[in-house]
Amino acid sequence: MFDRRTVLLGSSAGAGLCSLGAVGLWARGSQTSIGPVPRNETFPKLPIGMNLAGIADWEPGFPFKNLFWGARPWLTRNQSGRGPHDTKAQEFLELDTDGYPLELPVNVPGQPEPQTVFTYVPNTLKPGRYILLYDGEGEIGGLASTKVLLNGKGRVVLTMAQMGERGYEAIEIKRSERGNHIRNIRLIAETDEKSDLSIDPFRPQFLEFCRPFHCLRFMDWGAINNSIEERWTERKKPNFYTMVPQSGDPDAIWKPAPTPFERRFAGGVAYEHMILLCNLLKIDMWICIPHRADDHYITELSRLIRFQLDPTLKVYIEYSNEIWNWQFRQAGWMLQSPLAGALVEARGGDPWKDMAKTEGKAHPERIGALFRRAFAIWEREFAKEPQRLVRVGAVQAAWADASKRTIRWCLKNGGIDAVSPAAYVGPDEQSYEKWGVAGERLTAEDVISDLEVVLSNTRMAGGLIETLAFAKDNGLRYVAYEGGQHIQPKDQKDSPYNAALAAAQEHPRMYDLYMELLRLHRDLGCELFAHFSSVGRQGTRWGSWGAKAGYDVPNDASPKMRALLDSNKERL
C-alpha cells in the first residue's frame with residue numbers, strides 16, 4: 001500500500017521515490033555538481049511556504065474555532081439508540097442546501113424504528129466546556145465522550161473529554177422540526193462563544209503558525225487527491241455544516257462510485273475560507289484545481305479569487321496534484337480521459353494506443369494539455385492583472401524526460417511561469433538495506449547520518465538538475481510545491497526499526513538536516529519552498545509529514561519547524 005507521498009517513477013510501479021532524485025546546481029546546459037557546502041553560512045535564506053494539513057476529527061491541529069466544521073458526514077441510528085452503530089440510512093435523509101436534515105426523526109423503509117442522525121467531531125483539542133449554538137427547533141444530544149450539561153433553546157452546554165485515540169466526541173440531532181429545522185450549528189469552546197465566526201473563524205494558534213510563511217498551499221484543504229468535484233454548483237459552500245472532504249472513485253474502477261449522499265460532501269474546505277485566511281494574514285495563495293472540474297467550475301473559481309483575494313496578493317495555480325502519480329485516481333483518469341486526448345489531438349499529437357481510443361498514451365503531453373486548458377481560463381480572467389497570477393507546472397522530480405515533455409507542451413501552447421518538482425530527502429535503497437539489517441538496533445543518529453549521505457549524493461547531476469536546467473534555459477522559475485523529510489519505513493510496513501525513524505523527527509540533528517536541504521534548494525535557485533506539511537502525527541508508518549505535531553506544540557519542541565523559521569526569508 002502506498003501513502004499519499006509515494007510517487008511511482010517511469011512506467012512501472014516500484015521504480016523509486018521522488019525524494020531519491022539526484023540534484024545538482026543548475027546552470028545553462030550544465031550537469032555539474034554543486035560542490036562543498038559552505039559551513040560558515042548558518043542560515044540559508046529563501047522564501048518558505050506551507051502546505052496546510054487536511055482536517056479530520058482524529059487528526060491533530062484542527063484550525064477552526066467551530067468544531068462542527070470538522071464533523072463527519074451524517075451517520076444514522078435507531079431513535080432508541082439500540083441496534084447497529086450506523087444503520088446506513090443516509091440516502092433517505094432530506095437535506096437542505098447546507099447539509100442539515102429537514103426533519104428528524106424520520107421513518108425509513110426497512111428500519112424497525114424511526115431514525116436520527118449523529119456525527120463525530122474533533123477530539124484532539126483541550127478538554128472542558130463547549131457551547132453548541134444552533135438555529136431552529138429541535139433537540140441536540142451528546143454521544144461517546146460528549147456529555148450535555150444544559151440543553152436550552154438554541155444553546156447547549158457540553159463537556160468534552162478530547163481524549164484523541166482513547167475516545168470519541170459525537171453530536172446527535174435527536175429531533176428537528178420540519179419548517180424550522182435545526183441548522184447553522186456552531187460548536188465552540190466556551191471562551192469563544194462571543195466570537196464572530198464570519199470574520200474570525202480561525203484558532204489563534206493556527207493563525208500564529210501560518211503568519212511567517214510566504215504562501216499557503218491548499219491542496220489537502222481542497223481534497224484534491226481522488227477528487228469527485230465536477231460542477232461549480234455542487235462545490236462545498238462556506239455555510240455547509242462541515243468542511244471535511246469526501247473523495248472517491250467516480251468511474252468505479254477500484255471501488256464503488258460515490259453515492260448521491262456522498263457527493264453532497266464533495267470537496268474540502270470552502271474556497272471563501274481559504275481566501276479569508278490569506279487576506280487576514282496577507283499571505284499569497286496556492287490553489288490546486290480539481291482534475292474533473294469542468295470549464296465553468298474553473299472559470300467561476302478564477303473569478304471568485306480575482307474578486308475576493310486581496311489585490312496585493314498573488315495566486316499560484318496548479319492543476320490537480322501529482323497527476324502522474326498512479327496511486328491517485330487523477331492519474332488513471334488523465335491517461336484515459338477523452339478530454340485530455342482531444343486536447344492533444346487538436347495540436348497534432350497522438351494520445352491513443354488504439355483506433356477505438358480506449359487506451360491512452362503520451363501522458364506527459366496529456367498533462368501539459370490539461371495544464372494549459374486550466375491556465376488559459378485563468379489568463380482570460382486575470383488579463384488586466386497578469387502580475388497576480390503564477391502558473392505552476394508541477395512535474396516529477398526524477399524523471400527528466402517526462403518533465404521536459406510536459407513543460408515543452410506548455411511552452412509551445414501558451415506558456416507557463418514556474419516549474420515545480422518536489423524537494424524531499426528520504427532513504428535510498430542502501431539506507432533501507434542498512435536499516436533492515438540493524439532492525440531494533442537502529443538509532444535516530446543512524447537515520448540522520450544516512451540521510452545526510454543521501455542529501456550529499458543529491459548534489460550530483462541527475463534527473464532534477466536536468467529538468468531545472470531546461471527550465472532555466474527557457475526563462476522559467478523554480479518553486480517546490482512540496483518538500484521536507486521523507487522518512488518512512490520501506491513499503492510503509494511495521495518494521496523493527498520504526499522506533500528510530502520516529503525518534504529522528506525530534507532529534508537535534510534533524511535541524512541540521514533541514515538546513516542542508518534548504519541550502520541545497522536555495523543553491524538550486526528555488527524561489528519558494530512549500531514544506532509538506534503544517535502539522536501531523538509523528539512517527540507513524542505512513543510518515544511524519546508535519547513540521548510539528550500540532551499547532552499548540554511550541555516551536556522549540558520541533559527541530560523541523562525551527563529550521564524552517566530560521567531559514568525563512570523575511571516577508572516584505
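**Notebook: survey of a predicted chain**

I began with Ile-253, whose place is in the loop between S10 and H2. Helices (H or I, at least four residues) and strands (E, at least two) are DSSP runs, numbered from the N terminus. Because its relative accessibility is 58%, Ile-253 counts as exposed; buried means under 20% relative accessible area, exposed over 50%, and partly exposed in between (1.4 Å probe, protein chains only).

**Basis of the entries**

I note that this is a predicted model, in which local features need pLDDT of at least 70 and side-chain atom pairs count only at pLDDT 80 or more, while totals for chains, interfaces and linings use all residues. Residues are numbered from 1 along each chain as its sequence is written, and side-chain values use heavy atoms, with hydrogens and water left out.

**Confidence**

I looked up the pLDDT, the predictor's confidence in each residue, from 0 to 100. The chain averages 92, and 93% of the residues score at least 70. Contact means heavy atoms within 4.5 Å.

**Whole chain**

I found 14 helices and 18 strands in the chain. The radius of gyration is 24 Å, close to the 25 Å that the globule rule gives for 572 residues, so the chain is as compact as a globular protein of that length. This radius is taken over C-alpha atoms, and the globule rule is 2.2 Å times the number of residues to the power 0.38. Along the principal axes, the C-alpha atoms fill a box of roughly 70 × 55 × 45 Å.

I recorded that 59% of the 572 residues count as buried. The accessible surface comes to about 22,700 Å², and carbon and sulfur atoms hold 52% of this area. Accessible areas come from the Shrake-Rupley method with a 1.4 Å probe; for residues, only the protein chains shown count as cover. Of the contacts with a separation of 6 or more, 77% join residues 24 or more positions apart.

I also looked up the charges: the mean positions of the 70 positive and 71 negative charges are 2 Å apart. Lys and Arg count as positive and Asp and Glu as negative, with His and the chain ends not counted. The place of a charge is taken as NZ of Lys, CZ of Arg, CG of Asp or CD of Glu.

**Backbone geometry**

I noted a cis peptide bond between Leu-104 and Pro-105, with omega about -5°. Pro-105 lies in the loop between strand S2 (75-78) and strand S3 (115-121). Another cis peptide bond joins Phe-532 and Ser-533, with omega about -10°; Ser-533 lies in the loop between S18 and helix H14 (559-567).

I then checked positive phi values. Ala-144, in strand S5 (residues 138-144), has a positive phi of about 60° although it is not a glycine. Its relative accessibility of 43% makes Ala-144 partly exposed. Asn-226 is also a residue other than glycine with a positive phi, near 60°. This residue lies in the loop between S10 and helix H2 (260-263), and Asn-226 is buried, with a relative accessible area of 19%.

**Single residues**

I looked up Ala-547 in the loop between S18 and H14, where a relative accessibility of 0% places Ala-547 among buried residues. Leaving aside neighbours within four places in sequence, Ala-547 is in contact with residues including Met-50, Ser-533, Lys-560 and Leu-564. His-531 is 16 residues from Ala-547 in sequence and 7.9 Å away in space, C-alpha to C-alpha.

Gly-525 is found in the loop between helix H13 (508-523) and strand S18 (526-531); at 30% relative accessibility, Gly-525 counts as partly exposed. Its C-alpha atom is separated by 9.2 Å from that of Leu-468, 57 residues apart along the chain.

Asp-446 belongs to helix H10 (residues 444-457) and is partly exposed, with a relative accessible area of 32%. The C-alpha atoms of Asp-446 and Ala-500, 54 residues apart along the chain, are separated by 8.3 Å.
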